Amino acid sequence: AVCVVILAWSGSAAADGMELLKKGVSVLKYGRTGKAHASVLTLSDDEAVLSWEDGRGGVFSSLSAITGKLQNKKRAILIDECVELLVGAESNVFRRCVDAADGDASMCFSLLVVGGAASIAAAAFGGSGSGSGSGSGKVGGGAAPRESLDLRCTDELQFARLVAAFHALLVRESDSNPRPSPFAKHSPRVE
């Protein structure tokens with residue numbers, strides 16, 4: 001009975017998290033240097049693309065969007081390029097981030113992405129793929145470059161919902177699109 005309650009709660013939390021993401025949810029996004037920026041994450045209606053924009057609003061948001069386009073910075077990733085969800089301040093960006101110590105590390109998580117900035121930008125935007133990978137930190141080495149999208153939530157409820165939503169998206173993606181990965185030994189096992 002306890003297992004059923006936990007599964008029902010996590011399914012509900014995942015659905016709530018996906019709803020939040022589709023409407024747009026405010027989080028702190030950490031760049032490669034570890035500097036936090038208010039951002040709004042949005043999941044596409046088909047649940048295939050996660051995008052973000054400056055969360056400060058007004059002139060700051062407009063300037064950030066223009067600067068990002070001029071610098072060819074990516075502002076979206078494909079869900080099918082995400083290979084792992086790290087919960088806590090576990091990524092290289094968080095490890096070297098002075099700022100994360102000021103916040104609550106238990107509210108942090110990272111999405112690890114395979115393919116590097118160029119292929120993600122090309123796939124997400126249909127372009128040639130010369131994106132710089134802004135807001136991401138290289139993770140690991142090996143055959144395929146791994147980058148991270150490093151986020152911190154504003155409260156525990158938001159954190160639980162978003163982690164459940166991303167976990168559900170990754171499980172669904174791995175079930176529908178199984179692929180051997182050199183990083184599989186580090187991924188959480190879901191049965």
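Which residues of the largest nonpolar core touch the most other members?

Tutor: This is a predicted model, in which local features need pLDDT of at least 70 and side-chain atom pairs count only at pLDDT 80 or more, while totals for chains, interfaces and linings use all residues. Residues are numbered from 1 along each chain as its sequence is written, and side-chain values use heavy atoms, with hydrogens and water left out.

The residues that touch the most other members are Leu21, Leu50, Phe109, Leu111 and Phe166, in a core of 26 residues. A nonpolar core here is a set of buried Ala, Val, Leu, Ile, Met, Phe, Trp, Tyr and Cys residues joined through side-chain atoms within 4.5 Å. Buried means under 20% relative accessible area, exposed over 50%, and partly exposed in between (1.4 Å probe, protein chains only). Two or more residues come from each of α1 (2-23), β1 (25-30), β2 (36-43), β3 (49-54), β5 (82-87), β6 (108-114), β8 (146-152) and α6 (156-176). These elements are DSSP runs numbered from the N terminus, helices being H or I of at least four residues and strands E of at least two. The greatest contribution is that of α6, with seven residues. In soluble globular proteins, nonpolar side chains tend to be buried together.

Leu111 shows how these elements meet. Leaving aside residues up to four places away in sequence, Leu111 is in contact (heavy atoms within 4.5 Å) with Leu50, Ile77, Cys82, Glu84, Leu85, Glu147, Ser148, Leu149, Phe166 and Leu170. A separate core of five residues lies apart from the largest one and includes Val93, Phe94, Cys97 and Cys108.

Seven of its seven residues are buried, so β6 is largely enclosed by the rest of the structure. In a regular strand the side chains alternate between the two faces of the sheet. In β6, Phe109, Leu111 and Val113 point one way, whereas Cys108, Ser110, Leu112 and Val114 point the other way. Strands β5 and β6 pair in the antiparallel sense over five bridges, where pairing requires at least two DSSP bridges between the strands. Within this pairing, Leu112 of β6 is the bridge partner of Glu84.

Helix α6 comes next. Its 21 residues reach 30 Å from first C-alpha to last, close to the 30 Å expected at 1.5 Å a residue; the expected span is 1.5 Å times one less than the number of residues. The buried residues of α6 are Gln158, Phe159, Leu162, Val163, Ala164, Ala165, Phe166, Leu169, Leu170 and Glu173. Asp80 belongs to the loop between β4 (76-78) and β5 and is partly exposed, at a relative accessible area of 27%.

The whole structure contains four salt bridges, each defined as a side-chain nitrogen of Lys or Arg within 4 Å of a carboxyl oxygen of Asp or Glu. One of them joins Asp16 and Arg161 (3.7 Å, N to O). Because Asp16 lies in helix α1 and Arg161 in helix α6, this pair ties together parts that are 145 residues apart in sequence. Asp16 is partly exposed at 32% relative accessible area, and Arg161 is partly exposed at 24%. Ala15, also in helix α1, is 8.0 Å from Arg161, C-alpha to C-alpha, although 146 residues apart in sequence.

Glu47 takes part in two further bridges, to Lys22 (2.8 Å, N to O) and to Arg172 (2.6 Å, N to O). Glu47 lies in the loop between β2 and β3 and Arg172 in helix α6, so the second pair ties together parts that are 125 residues apart in sequence. Glu47 counts as buried at 15% relative accessibility, while Lys22 is partly exposed at 33% and Arg172 is partly exposed at 40%. Through shared partners, Lys22, Glu47 and Arg172 form one network of salt bridges.
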